[in-house]
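Have a look at the fold first, then read on.

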Amino acid sequence: MAKLTINGRVHEVQVDPETPLLWVICEQIGLTGTKYGCGIAQCGACTVHVDGVATRSCSMPVSAVTEAQKITTIEGLSPDGSHPVQKAWVALDVPQCGYCQSGMIMAAAALLAETPKPSVEDIRTGMTNICRCGTYNRVQAAIQQAAGTGAAG
């Protein structure tokens, strides 16, 4: 039995300890905003925060997370969409297909928590998520807007 603190709630789940955190979040807890993309921690669609750090949940076994660690999914970032990154995403119409966007938003929020006023280079090196639609320029603009360093939407 694993105990996980997800979005402020403790969840007890009965899963194999090697089950990826992503599958526990989606299938056991029922939070479907975090997406499966590649399964090898490359694309970032599965990004969540573990104690505020952007973490690729598809390759992290549930046994690597303790109850004391706080896991935040896209649903817990800001349930009403008021997080500055979420607001910038909407204002700048960032998503195209939208599949990778919850992971992008989570990675961007972690980047801004660590580097509140990132340079363009900070954004380019810090955002390693893959977007098959190529919305990288809009992602960069939204991060700059959320940081207060870019043009308003």
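A nonpolar core here is a set of buried Ala, Val, Leu, Ile, Met, Phe, Trp, Tyr and Cys residues joined through side-chain atoms within 4.5 Å. Buried means under 20% relative accessible area, exposed means over 50%, and partly exposed is in between (1.4 Å probe, protein chains only). Keep in mind that this is a predicted model: local features need pLDDT of at least 70, side-chain atom pairs count only at pLDDT 80 or more, and totals for chains, interfaces and linings use all residues. Residues are numbered from 1 along each chain as its sequence is written, and side-chain values use heavy atoms, with hydrogens and water left out.

**Nonpolar cores**
- The largest core holds 22 residues, and V85, W89, M104, M127, V139 and I143 have the most contacts inside it.
- The largest share, eight residues, comes from α4.
- Leaving aside residues up to four places away in sequence, M104 touches W89, M127, N129, I130, C131, Y136 and V139 (contact: heavy atoms within 4.5 Å).
- There's also a second, separate core of 15 residues, with V13, L31, V48 and V50 among them.

**Cysteines**
- The disulfide count is zero, going by cysteine sulfur atoms within 2.5 Å.
- C46 is in no disulfide, and its nearest cysteine sulfur, on C58, sits 3.7 Å away.
- C46 counts as buried because its relative accessibility is 3%.
- C133 is in no disulfide either, with the nearest cysteine sulfur, that of C97, 3.7 Å away.
- C133 has 30% relative accessibility, so it counts as partly exposed.

Conventions:
Helix = DSSP H or I, 4+ residues; strand = E, 2+ residues; numbered from the N terminus.
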